[in-house]
Amino acid sequence: MKEKRNPSARDTALEVLMQVDRANAWSDGSLKRTIAKNKLDHRDAALATRLSYGVIQNKLLLDYYISCYCTQKAEKLEPVIRNILRLGGYQILFMDKIPHRAAVNEAVEMTKRYGRYKAAGMVNAVLRKFVDHWMDMPALPNGTTVDYLSVRYSHPKWLVERLVELLGPEEAEGYLRMNNEIVPTTVQTNLLKTTPEELEKELRQSGVTVEPHPWLAGCFEVSGTGDLESLPAFTEGHFTVQDAAARLVSTVAAPQPTDRVLDICAAPGGKSFALAIDMGDRGQIVSCDIHPHKLKLIESSAERLGITSVRAALADGREHHAAWQQAADLVVADVPCSGLGIIRKKPDIRYKNPKELAQLPKIQLEILENASTYVRPGGVLVYSTCTVLPEENEGVTEEFLSRHIDFTLEKFTLPLPIGPSQGHLTLWPQRFGTDGFYICRMRRK
């Protein structure tokens with residue numbers, strides 16, 4: 001039986017890891033719920049987040065080392081013991097400010113609190129090996145490049161193989177490495193309410209570390225925010241949270257102030273809001289989603305930002321609505337995808353079953369084809385994803401263009417270091433510091 005006590009940051013992290021293992025839960029949602037349930041303060045919440053994400057980011061590497069020092073392979077251990085060892089190992093190998101002794105002792109006590117008294121000695125022995133060898137851990141697999149990269153950066157072999165095929169081993173390693181690094185949050189100034197200069201000043205006054213985005217005007221990289229949504233600048237609607245890559249969808253779309261816009265898969269609304277800001281809140285934007293609760297999120301965020309041109313509508317991206325036939329000047333289809341471009345923000349995406357991903361291109365093409373029916377002659381269609389796999393990106397748009405000769409790719413230019421494009425491009429984290437993303441601009445003849 002577990003002892004009655006207030007859960008700590010480590011207890012919370014273990015609870016999240018168990019939910020991810022057992023219920024196939026997403027770590028970000030599980031973390032948010034568990035931190036709230038356990039009533040962690042700001043400091044403990046930050047530690048629980050770092051531990052949960054850190055273990056998920058390095059799971060295959062930690063399991064490899066555990067298997068080196070344990071009489072049983074990591075995968076054969078009881079899940080709770082395996083996750084306690086992962087947490088202890090992560091603290092020893094990756095966290096400078098936690099004394100090794102504390103990491104070991106806490107892991108042993110946690111094992112006892114979970115009633116696994118017989119396993120406490122084994123947990124102690126394995127983690128002491130980590131402490132003894134933290135500067136000279138066992139050599140990683142010396143088989144193929146894929147074997148090494150898979151364990152070193154904790155990505156499944158199928159994904160590493162695909163990345164090496166697309167990028168070559170050196171750049172693939174750069175991509176894998178970036179997926180395990182801590183990423184600053186990017187925010188965009190709401191020009192309807194304030195200026196970049198005023199926002200920067202306001203954030204600094206709130207104690208936030210602020211750096212102007214290296215190449216995207218009006219955006220900032222922020223850290224040390226604590227609960228971002230509690231900042232006065234957030235509650236007053238002075239900024240939106242959006243990665244630079246997602247922000248560029250509006251730049252590529254280049255809406256005119258009085259355009260009629262359809263955002264087909266809009267939730268949580270970031271792209272709709274970027275479009276509204278670029279249009280000076282003067283046009284009409286219908287932001288669609290299939291989930292009613294997500295429409296409320298779009299509406300409340302629009303209200304916070306002072307945006308009146310956005311209207312939320314319940315719609316399935318694959319179902320045709322006759323009232324919208326050829327009615328829009330601009331249609332944006334940011335379709336459901338594998339999410340493999342945002343692993344650095346959602347680390348557990350890397351462990352998705354590749355068989356499930358195989359269904360996506362068919363769904364994406366169906367949404368794109370339906371979205372295209374809403375574009376007026378001469379209007380613009382923008383397709384985007386937050387993945388880097390060609391089969392979900394140019395594979396879909398090239399298939400679409402081959403079937404629809406009334407649409408054609410249209411060139412666009414983005415800020416340097418990206419520059420001009422022939423009509424579509426993939427953004428890679430290791431090249432531009434953004435999320436992995438694909439954007440394609442097409443015009444109806």
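Me: Is Y374 buried or exposed?
Reply: This is a predicted model, in which local features need pLDDT of at least 70 and side-chain atom pairs count only at pLDDT 80 or more, while totals for chains, interfaces and linings use all residues. Residues are numbered from 1 along each chain as its sequence is written, and side-chain values use heavy atoms, without hydrogens or water. Relative accessible area under 20% is termed buried, over 50% exposed, and in between partly exposed (1.4 Å probe, protein chains only). Because Y374 has a relative accessibility of 1%, this residue counts as buried.

Me: What are the positions in sequence of Y383 and Y438, which form an aromatic pair, and how many residues apart are the parts that the pair ties together?
Reply: Y383 and Y438 form an edge-to-face pair, with 6.1 Å from centre to centre and 70° between the planes. Y383 belongs to strand β9 and Y438 to strand β14 (residues 437-444), so the pair ties together parts whose separation in sequence, in residues, is 55. Helices (H or I, at least four residues) and strands (E, at least two) are DSSP runs numbered from the N terminus. Both Y383 and Y438 are buried, and the separation asked for is 55 residues.

Me: How is the pair of W324 and Y374 classed?
Reply: The whole structure holds nine aromatic pairs. Rings of Phe, Tyr and Trp (its six-membered ring) pair if their centres lie within 6.5 Å, and planes under 30 degrees apart count as stacked, over 60 as edge-to-face and the rest as tilted. The centres of the W324 and Y374 rings are 5.5 Å apart and their planes stand at 85°, so the class is edge-to-face.

Me: How many residues apart are W324 and Y374?
Reply: W324 lies in the loop between β7 (310-314) and β8 (328-334), and Y374 in the loop between α17 (360-372) and β9 (375-385). W324 counts as buried because its relative accessibility is 16%. The pair links distant parts of the chain, and the separation is 50 residues.

Me: Which residue has its charged end over the ring of Y351?
Reply: A charge sits over a ring if NZ of Lys or CZ of Arg is within 6 Å of the ring centre and within 35 degrees of the ring normal. Elsewhere, R152 lies over the face of Y153, 4.7 Å from the ring centre. Over Y351, at 4.1 Å from the ring centre, sits the charged end of K59.

Me: Which residue makes a side-chain polar contact with E171?
Reply: E171 is found in helix α10 (residues 169-179) and is partly exposed, with a relative accessible area of 24%. Leaving aside neighbours within four places in sequence, E171 is in contact (heavy atoms within 4.5 Å) with Q430 and R431. A polar contact is a pair of N or O atoms within 3.5 Å; within protein, one must be able to donate a hydrogen and the other to accept it, and residues adjacent in sequence count only if both atoms are side-chain atoms. At 2.6 Å, the side chain joined to that of E171 is R431.
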